[in-house]
Amino acid sequence: MLQKVLLMGKSGAGKTSMRSIIFANYLARDTMRLGATIDVEHSHVRFLGNLVLNLWDCGGQEAFMENYFESQRDHIFRNVQVLIYVFDIESRELTKDIEYYGSCLAAMRQNSKSAKIFCLVHKMDLVPDEQREQVFRQRERELQAVASRLELEISCFKTSIWDETLYRAWSQMVHALIPNRDSLQTHLDKLCAVCQADEVVLFERATFLVICDAVRAAHEDVHRHEKISNIIKQFKLSCSKTQAQFATMQVRNARYSAFIEGFTSTTYAMVIVSDASIQPATTLINIEASRAHFESLIAQLKL
């Protein structure tokens, strides 16, 4: 079964760029050559092997937007599981942007009321660092107000193609689509305990989005997993350009040992251990012993 995902927002907001980075292995700088989306571009994106997203990237030119809400309303907004609406934080047409957003939510309420709705306040790198949180919170309040009037719930993220915020947003959005994710979390918690690890993180193999994480020791950097997604994804792409394949990585110092291993056919696992008494070979044995179990568990995830 396919999950219909609508990617909407005004032209130039950055929808196609983020889709290309996450699912088509573009680097941020490579997105500069992408042209505007014409009407609707359809793509089936395979995730975790058996999960398939039916992604509708909707062009945001004014003529197309009006057409979506009028002659194509039922076709576009029927049977949607996820709506991702993208806002350009520096748009000079905020009133028009909010109007289109409101029309989109009204169409969703009529045709797909149970869909999950995510709003991405994008291109936040263009806002001075000391102002970003304030600017984002103001925009979030405006978007929440529109949704509340229609009795809809939304989740907002601030994003940029130039840092880990893009991976954080998409990881959380995709995680919401994974069935039986509570079962996956339970088994990952057990693996973390068996390894006596500070944390264990599962990344999807193709996109390197975070699927699930088990944390036993608190860490001050709450964005660390997405930063690793961004770094490793770019490193994998660099390897592929030289026809090399990224398979495994180990980092050891006086404070911790970190292992990033190809785990199942569709995932990588990262295991962080700070207990110096635990030998690296022991951690690797535990990872190896759990591969088949997690392979079976993930194979059962179907949208």
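Which residues of helix H8 are buried?

1. The model discussed in this note is predicted, and residues are numbered from 1 along each chain as its sequence is written. Local features need a pLDDT of at least 70 and side-chain atom pairs count only at pLDDT 80 or more, whereas totals for chains, interfaces and linings use all residues, and side-chain values use heavy atoms, with hydrogens and water left out.

2. To take up the opening question, the buried residues of H8 (224–241) are Arg224, His225, Glu226, Ser229, Asn230, Ile232, Lys233, Lys236, Leu237 and Cys239. Here buried means under 20% relative accessible area, exposed means over 50%, and partly exposed lies in between, with a 1.4 Å probe and protein chains only. Helices (H or I, at least four residues) and strands (E, at least two) are DSSP runs, numbered from the N terminus. The 18 residues of H8 should span 26 Å at 1.5 Å a residue, and the end C-alpha atoms are 26 Å apart, which agrees; the expected span is 1.5 Å times one less than the number of residues.

3. Asn230, a residue of helix H8, has a relative accessible area of 13% and is therefore buried. When its neighbours within four places in sequence are left aside, Asn230 is in contact with Asp163, Glu164 and Tyr167, where contact means heavy atoms within 4.5 Å.

4. The domain assignment gives domain 1 (2–176) and domain 2 (181–300), with bounds that come from an automatic or database assignment. The C-alpha centres of domain 1 and domain 2 lie 29 Å apart, and the contact takes 20 residues from domain 1 and 22 residues from domain 2.

5. Another open sheet, of 5 strands, has the order E8-E7-E11-E10-E9 and antiparallel pairing. Its edge strands are E8 (210–215) and E9 (248–252), each of which pairs on one side only, and neighbouring strands are turned by 15° against each other on average, direction ignored. Helix H7 (residues 181–194) packs on this sheet, touching E7, E8 and strand E10 (257–264), and its direction makes about 45° with that of E8.

6. Two pairings in the antiparallel sheet can be followed in detail. Strand E7 (residues 199–204) and strand E11 (residues 267–273) pair over 6 bridges in the antiparallel sense, with Phe203 opposite Tyr268 in E11. E9 and E10 pair in the antiparallel sense over 5 bridges and form a hairpin with 4 residues between them, while Val251 stands opposite Ala258 in E10.

7. The largest nonpolar core has 52 residues, of which Ile84, Leu120, Trp170, Leu184, Leu188, Leu202 and Phe294 touch the most other members. A nonpolar core is a set of buried Ala, Val, Leu, Ile, Met, Phe, Trp, Tyr and Cys residues joined through side-chain atoms within 4.5 Å. Helix H6 (residues 165–175) gives the most to this core, with 6 residues, and the core draws at least three residues from each of domain 1 and domain 2. Apart from this core lies another, of 35 residues, among them Trp56, Cys58, Tyr100 and Tyr101.

8. Most residues other than glycine have a negative phi. Lys123, in the loop between E5 and helix H5 (132–149), has a positive phi near 65° and is partly exposed, with a relative accessible area of 23%. Glu151, in the loop between H5 and E6, has a positive phi of about 60° although it is not a glycine, and at 59% relative accessibility Glu151 counts as exposed.

Notes. Two strands pair if DSSP finds at least two bridges between them. Axes are lines fitted to C-alpha atoms, for helices over the stretch in contact, and angles run from 0 to 180 degrees between N-to-C directions.
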